[in-house]
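This report describes the fold of one chain and its contact with a second chain.

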Amino acid sequence: MKAEQSGSPVESRVFLLGNEAIVRGALEAGVDFAAGYPGTPSSEIIERLARQARERHLHAEWSTNEKVACEGAAAAAVAGLTTLAAMKNAGLSVALDFLTHLSLTGLGGRGGSMAVIVCDDPDAHSSGDETDSRWLARFAYAPLLEPTNVQEAREMTRYALALSQEHACYVMLRSYTRLSHASSIVELDELPPRQEKLADPDLNACITPYLGRAHHAAALERLEKIRRQFEASPFNQYQGPEEPELLLVTSGSGYFCGLEAIKLLGLEGRVGLLKLATIWPFPRDLVRARAAKAGRLLVLEEVDPVLELLVKEALSDAGLCLPVLGKGSGHVPLYGEITPDRALAALSEIMGVAYQGRSAAYAQKAGRLEQELLVSRGLTWCPGCPHRASFWALDRAVKAEGGQVFVTGDIGCYTLDVFPEGKCQMNLLHAMGSSVGLAAGLGQLGQFGFNKPVVSICGDSTFYHAVLPGLVNAVYNQADLIHVVLDNAATAMTGFQAHPGVGYNAMGQKAPRIDVEKVCQALGVPVEVADPFDLRGTTKKIRELISLGKGVRILILRRTCELVRMKQDKNKPYLVRVNPDKCKGSECGICYGSLRCPAFEQEAETGRASIRQESCPGCGLCVQVCPFKAIEKQEVAS
Amino acid sequence: MSLAHDPYNLIVCGVGGQGNILIARLIGRILARQGCFLTIGETFGAAQRGGSVFSSMRISRQGYLGPLIPQGQAHLILSMEPLETLRMLSLFGNDQVQSISNTQSVLPVGVLAGRSQYPPLARLQEAISELSARAWFVDATVKAVELGAPIVSNIVLLGALLGSGALPVSPEEVRQEMESTFPAGKLALNQKALNLGMEALQAH
């Protein structure tokens with residue numbers, strides 16, 4: 001799409017994605033330096049800033065990981081610039097060691113500012129877990145803002161940077177899938193004219209361990225000042241009767257869910273709605289004042305009871321004794337995202353008002369047809385994906401070893417292996433970079449009687465992010481493992497962002513290409529390279545490396561992501577067809593049943609395979625797996 | 001022009017990669033220009049790898065709503081794939097809901113792997129009709145393939161939406177929006193696809 005509206009000065013009322021609104025807010029605040037690591041739902045922030053880097057004279061980078069990104073942005077802020085770091089919830093944990101220090105020292109005296117934008121993923125739509133970042137603001141002594149809609153995302157990003165500058169500390173802004181990936185209409189302000197800024201680092205902004213206690217006290221004092229500002233913040237709003245029977249306390253997604261539930265149940269005259277957008281330090285006086293006029297409270301928020309405990313603490317400290325309902329009382333689930341339906345259920349039970357979203361007859365009919373006909377649609381690799389080939393080869397190798405291989409995985413498109421539609425080869429799977437760390441642990445258990453070969457698998461972007469230290473550790477500690485790097489020249493899962501192996505940077509400029517193979521060779525261990533589309537050769541290489549038995553052995557499976565290839569070359573390399581006379585149909589089914597390329601179709605009666613040409617990228621991988629040579633490929637002249 | 005309901009809850013659904021996000025945003029930008037309050041909710045990320053994807057559009061002349069539609073509260077389901085129409089109807093359908101579905105099925109990989117069965121297309125259409133106050137079926141993929149560009153199936157479906165008259169959006173507004181969205185070289189093809197979709201529904 002051409003719509004590059006996050007920086008367009010032409011229209012003042014535009015349709016933006018939540019993340020684009022964050023970008024717009026940062027541009028309006030005059031952001032100079034932005035860094036991050038891709039992760040759904042945060043990736044569009046750095047991506048969009050990078051596209052406008054030249055025009056707006058700013059620096060935007062994909063860093064190798066979130067900690068490095070925060071360090072870069074913080075250094076620029078210490079030098080007096082306006083900066084941000086963006087990441088998903090899991091990335092905040094990576095950056096936390098640094099961020100807990102940074103909030104103690106602050107950003108120094110050069111007038112710089114820094115926003116840490118973290119995008120949570122309640123319901124874990126695209127994540128391994130639904131970690132609630134809000135806890136970490138208190139943990140790290142960082143102010144925390146939480147916008148409730150796309151317009152506010154723009155305003156609050158600006159506010160975060162202004163607040164950061166005023167108090168010389170970084171400010172966290174929490175977004176979430178339903179904000180980052182919601183689109184709505186945003187009123188824009190003018191972009192400031194670009195001014196020449198000179199970086200001038202503050203020499204006195206660093207911490208020494210002996211000053212830790214003094215810095216701690218100063219950070220507490222700063223938070224107390226910010227709390228007093230938050231008490232009067234216009235971002236916190238109340239609507240409803242002056243003395244409501246029930247006060248709904250919400251933030252983030254909870255606001256619109258609560259608002260809609262109140263309307264659908266016709267409770268406007270009985271229930272009040274307090275929207276909080278400045279979460280930490282908690283505006284306790286505001287909440288106490290509202291609570292004192294209410295009969296009961298219901299806290300509506302997603303995932304953990306962060307707000308709920310803050311409310312309870314605020315009331316308890318002031319000796320206010322009121323029922324606070326929510327997660328503790330069982331009215332709001334402790335997991336998953338907040339939805340209008342969850343708000344409706346809680347509110348209708350507490351207020352004793354019945355709600356029916358649709359007729360009982362319809363619900364019954366829908367339930368019956370769902371039961372009869374609906375099947376789930378699992379996630380799988382795209383047609384032409386090199387990972388399908390890599391895991392096919394691994395599966396063959398593991399079977400040939402009698403199943404006696406232990407496999408650890410990592411985070412990327414290849415993680416789809418764990419789903420029933422994958423090859424289910426991975427036995428252990430955790431965080432970014434954990435593949436090799438876990439494998440190094442397992443690969444040193446010989447003296448405890450564990451002698452299975454261990455294979456760890458990661459992608460290229462993950463390799464630079466957090467695998468590298470683990471790999472060095474494995475070599476140094478002489479763990480026995482085979483580490484496989486699936487090098488598809490892309491950060492594919494999050495949308496093909498640049499990384500150190502691709503030869504260009506976030507802003508599209510030429511950059512040094514750091515080659516996985518050369519880095520691995522420098523470790524002084526055996527390194528092999530193969531093309532996963534050579535299924536037999538790859539299987540053989542994996543088995544050869546297993547047979548070496550000792551030490552770290554590395555296999556790089558190199559083939560460009562098919563979606564990246566198609567962006568560069570629209571033509572299919574091959575026209576691939578199934579010869580119906582040779583296809584054995586359901587007697588065999590290896591192509592659709594085992595390789596499971598989604599471009600295949602299966603004739604209902606005979607089970608014969610056919611290929612849906614509009615889905616087939618023409619990679620020709622399936623030709624290799626058909627035992628009856630029924631799949632034929634023909635080179636396409638380009 | 002007024003909305004048939006306020007808020008009007010529109011779902012645009014399909015399978016990852018079918019281009020439902022693109023048409024949802026296209027409609028969104030037009031409605032925004034008309035002065036509507038509008039929020040679209042999406043989940044993209046992992047689901048784009050062959051999963052069920054949908055955009056929920058909350059359209060109003062009164063004020064903003066959150067991106068999520070309450071269960072049983074959709075007014076129209078615009079779907080790139082018939083099984084996904086049924087999935088959305090089972091969650092968001094009600095006695096008044098309308099649906100416009102592409103007829104082309106995309107088999108879940110679980111079906112290819114032999115773990116589940118895709119319902120017979122005729123039975124699926126029957127169920128969609130049973131759960132819709134009005135159901136339209138459009139050969140969007142077939143028509144796009146005839147144009148030599150299966151990728152414009154979503155634009156054929158968008159044309160069908162225009163033909164249905166369910167939303168206060170004119171073909172002229174869509175044409176203008178496509179002009180500012182697509183590269184000039186792709187405009188004629190997309191316009192053709194849009195027309196085919198409109199005709200398909202007007203023929204009903």
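Along the principal axes, the C-alpha atoms of chain A fill a box of roughly 80 × 70 × 60 Å. The model is predicted: local features need pLDDT of at least 70, side-chain atom pairs count only at pLDDT 80 or more, and totals for chains, interfaces and linings use all residues. Residues are numbered from 1 along each chain as its sequence is written, while chains are lettered from A and ligands numbered from 1 in the order in which they are written.

The secondary structure of chain A comprises 22 helices and 24 strands; these are DSSP runs numbered from the N terminus, with helices (H or I) of at least four residues and strands (E) of at least two.

An open sheet of chain A is formed by five strands in the order E9-E11-E10-E13-E14, with mixed pairing; two strands pair if DSSP finds at least two bridges between them. Strands E9 (237-239) and E14 (324-325) of chain A are the edge strands, each pairing on one side only. Within this sheet, E10 (residues 246-250) and E13 (residues 296-300) of chain A run parallel and are joined by five bridges. A:Leu246 has A:Arg296 of E13(A) as its bridge partner. Helix H11(A) packs on the sheet, where it touches E9, E10, E11 (271-275) and E13 of chain A, and its direction makes about 160° with that of E10(A).

Further parallel pairings of chain A involve strand E15 (residues 406-409). E15(A) pairs with E17(A) (residues 454-459) over three bridges, and A:Phe406 stands opposite A:Val454. E15(A) also pairs with E16(A) (residues 428-429) over two bridges, with A:Gly409 and A:Leu429 as bridge partners.

Axes are lines fitted to C-alpha atoms, for helices over the stretch in contact, and angles run from 0 to 180 degrees between N-to-C directions.

| Helix pair | Angle | Axes apart |
|---|---|---|
| H15 (386-400) and H19 (535-548) of chain A | about 50° | 8 Å |
| H11 (284-292) and H12 (306-317) of chain A | about 75° | 9 Å |

H11(A) and H12(A) are therefore roughly perpendicular to each other, whereas H15(A) is oblique to H19(A); angles under 35 degrees count as roughly parallel, over 145 as roughly antiparallel, 65 to 115 as roughly perpendicular and the rest as oblique. Residues making the contact of H11(A) with H12(A) include A:Arg284 and A:Val311, and those making the contact of H15(A) with H19(A) include A:Trp392 and A:Ile542. Two residues are in contact if their C-beta atoms, placed from the backbone, lie within 7 Å.

The interface between the chains takes 58 residues from chain B and 56 residues from chain A. On the side of chain B that touches chain A, H1(B) gives the most, with five residues. Strand E8(A) (residues 182-187) and strand E2(B) pair in the antiparallel sense over three bridges, and A:Ser184 has B:Thr39 as its bridge partner.
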